[in-house]
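Here is my note on the structure you asked me to read through.

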Amino acid sequence: MSRMESLQQAALDRREFHIWYQPKYDLVTRRCVGAEALVRWESAELGFLPPGRFIHLFERNGFISQLDFYNLRHVMEFQRDCREKGLPVLPISVNQSRFHMKEKGYLARMRSLVDRFGTEGIELELTEMAFGFESEALQRHSLEVVNALHAMGFAIDMDDFGSGYSDLSLLNQLPLDVMKIDRSLLLASESSQRMRTVLGRMVELGHALGMRVICEGIETEEQETLLRMLGCEYGQGYLYGRPMKREEYEVFLRAHA
């Protein structure tokens, strides 16, 4: 067992995992339209750890299930607090691991959270990897799970769209509300007219299917201008806002929503 694995449960019990919020914004009005919830581990033994240091490990050992529910509950509590404080309840997206697609009792636990907090302002982010199982039965089951989540009232985001082989059949089978275009496409479009055309067509496709389209990884004004020219409506990236702690995001929300 690795050092991280030996500490993971105690870290959860001590609430060492913290949610940071990265704003999403309207590329035209530059108003905040929501955020993505990102987890950070502030370990008493290991120090500050970004998600790249532990998420893959937790997905391999199954601890990701507990962490995902911990994160989702905290975001639901945050949205409840926003309502009580009179703050705007803007959509916050929360990542859900592919692990849940074959986890027993997952939908029952999600229903329990919905019954307590509701789904207002909650989006669930999935990647195409969530449907890349080895058997057709598991693929069908994962589609049924997502449809059940949507029926509960959760908005569904397809994260990292265009980062690899994109199974376009998923756009037909899934109740998707948001298409999140991977930053790799944006970077490639800066130096390639062909990739710029691809990016533009992906934006058009998302809109034609009734989805909100957001591009990740915007770091320069030139990238922002390019996306506006291609018809992309929403963005996320360091140009507008870096991930921030809850208290900082509340201040940001008051000023920019």
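Predicted model: local features only at pLDDT ≥ 70, side-chain atom pairs only at ≥ 80, totals over all residues.

1. The largest pocket has a volume of about 1,100 Å³. To find its middle on your screen, look for Glu36, Leu38, Asn95, Asp159 and Asp160, which lie nearest the centre among the 35 residues of the lining.

2. Which elements build this lining, with at least two residues each? They are strands E1 (17–26), E2 (32–43), E4 (92–95), E5 (122–126) and E6 (155–161), together with helices H2 (55–61) and H3 (64–85). Strand E2 gives the largest share, with five residues.

3. Now to the rings, where the structure holds 15 aromatic pairs. One of them joins Phe17 and Phe58 in an edge-to-face arrangement, with 6.1 Å from centre to centre and 75° between the planes. This pair links distant parts of the chain, since Phe17 belongs to strand E1 and Phe58 to helix H2, 41 residues apart. Both Phe17 and Phe58 are buried.

4. A second pair worth a look is Tyr21 with Tyr249. Is it stacked or edge-to-face? The planes of the two rings stand at 15°, and a pair counts as stacked when that angle is under 30 degrees. Tyr21 and Tyr249 are therefore stacked, with their ring centres 5.3 Å apart. Because Tyr21 sits in strand E1 and Tyr249 in helix H10 (residues 246–256), the pair ties together parts that are 228 residues apart in sequence.

5. Are these two tyrosines, Tyr21 and Tyr249, buried or exposed? The cut-off for buried is under 20% relative accessible area. Tyr21 has 3% relative accessibility, so it counts as buried. Tyr249 has 1%, so Tyr249 counts as buried too.

6. Going back to Phe17 and Phe58, you will find both in one aromatic cluster, together with Trp41, Phe54, Phe63 and Tyr70.

7. Finally, two arginines sit over ring faces. Arg40 lies over the face of Trp20, at 5.5 Å from the ring centre. Arg109 lies over the face of Phe69, and here the distance to the ring centre is 3.7 Å.

Notes
Residues numbered from 1 in each chain as written. Heavy atoms only, no water. 1 Å grid on protein atoms, 1.4 Å probe; cavity = no way out; pocket = protein on both sides within 12 Å on 5 of 7 lines; lining within 4 Å. Points joined across faces, edges and corners; volume = space filled by probe spheres on them. Helix = DSSP H or I, 4+ residues; strand = E, 2+ residues; numbered from the N terminus. Phe/Tyr/Trp six-rings, centres within 6.5 Å; stacked < 30°, edge-to-face > 60°. Buried < 20%, exposed > 50% of the residue type's maximum accessible area, 1.4 Å probe, protein only. Lys NZ or Arg CZ within 6 Å of the ring centre and 35° of its normal.
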